[in-house]
Amino acid sequence: MKINEPTSWHSEDEFWQAFAPFMFHEERLAATPFEVDKILDLTNPGPSSKILDVACGPGRHSLELARRGFEVTGIDRTEPYLEQARASANEQNLYIEFIQDDMRSFIRQSTYDLALSIYTSFGYFEKAADNLQVLANIFESLRPGGRLLMELTGKEVLARIFRERDWREYKDIIFLEERKVVDNWNRIENRWLLIYPDRRLEYRVDHWLYSSSELELMLRSVGFDVVEVYGGLEGTPYDNLANRLVVIAYKSGY
């Protein structure tokens with residue numbers, strides 16, 4: 001289901017396709033099996049578990065989980081990513097259910113044992129209530145005893161490593177990024193600029209920032225009753241050395 005709203009960066013296929021080389025470069029793709037190792041170590045799903053990959057993109061985690069025998073559903077709003085994911089699954093003889101849908105509306109009551117929200121795939125929506133709705137939908141989609149693993153850039157980590165500007169290069173494309181923290185550290189405004197030899201694309205990419213305690217309160221408010229917090233997929237503490245914010249939230253019944 002599509003949500004009617006004014007055009008935003010996260011609802012434009014052109015945006016996701018333009019920045020795919022920087023989001024899903026060779027190094028990141030090569031790291032996927034190791035990331036899945038860590039995800040499975042932290043969540044310990046049973047061999048017949050059903051897994052929901054929220055904002056699955058081109059399916060890098062969905063594909064790796066399916067290779068390991070799990071039943072996987074991947075949802076994303078970007079059809080070109082899903083086409084790529086389906087093609088990869090077909091080439092590898094894997095069955096994965098890839099669905100084009102909005103995470104604010106997708107619910108399958110009590111279906112999944114594990115849900116994943118990886119690589120800062122949360123906090124996109126302008127209205128705070130929409131982001132909360134995403135968590136409520138995931139909670140409803142989990143079976144009793146199910147769990148949600150989220151991996152994102154935590155507010156505390158960003159405060160430590162914050163840089164106003166960065167640039168990267170990929171083949172003949174230059175990616176420039178400017179950042180500004182706004183609304184008392186509740187949100188971040190980013191100016192993303194791609195410079196090609198013959199053209200340029202520019203987007204304003206704004207999203208919410210969450211501390212570990214803020215995210216925990218949100219998760220508990222939609223029904224999760226146990227929340228564990230880590231500083232990376234390795235299960236390290238969320239302290240001054242943390243690289244990422246990783247949260248595992250449990251639905252009662254386990």
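Let's start with a charge over a ring: Arg199 lies over the face of Tyr196, 4.1 Å from the ring centre. The criterion is NZ of Lys or CZ of Arg within 6 Å of the ring centre and within 35 degrees of the ring normal. Arg60 does this too, over the face of Tyr119, at 5.7 Å from the ring centre.

A word on the source. This is a predicted model, where local features need pLDDT of at least 70, side-chain atom pairs count only at pLDDT 80 or more, and totals for chains, interfaces and linings use all residues. Residues are numbered from 1 along each chain as its sequence is written, and side-chain values use heavy atoms, with hydrogens and water left out.

Now ring against ring. Searching the whole structure gives 20 aromatic pairs. To pair, rings of Phe, Tyr and Trp (its six-membered ring) need centres within 6.5 Å; planes under 30 degrees apart are stacked, over 60 edge-to-face, the rest tilted.

Take Phe15 and Phe19. Their pair is tilted, with 5.0 Å between centres and 45 degrees between planes. Why are they separated by about one helical turn? Because they sit 4 residues apart in helix 1, residues 13-23. Helices here are DSSP runs of H or I, at least four residues; strands are runs of E, at least two; both are numbered from the N terminus. Buried or exposed? Phe15 is buried, at 0% relative accessible area. Phe19 is buried as well, also at 0%. The cut-offs: buried is under 20%, exposed over 50%, partly exposed in between, with a 1.4 Å probe and protein chains only.

Next, Phe139 and Phe224. This pair is edge-to-face: 5.0 Å centre to centre, 85 degrees between the planes. Phe139 is buried at 12% relative accessibility. Phe224 is buried at 2%.

What is the strand order? It runs 6-7-8-9, four strands in an open sheet with antiparallel pairing. Strand 6 (165-170) and strand 9 (200-208) are the edges, each pairing on one side only. From one strand to the next, the twist averages 20 degrees. Axes there are lines fitted to C-alpha atoms, for helices over the stretch in contact, with angles from 0 to 180 degrees between N-to-C directions.

Strand 6 joins strand 7 (173-182) through 6 bridges, running antiparallel. Pairing takes at least two DSSP bridges. Within it, Glu169 stands opposite Ile174 of strand 7.
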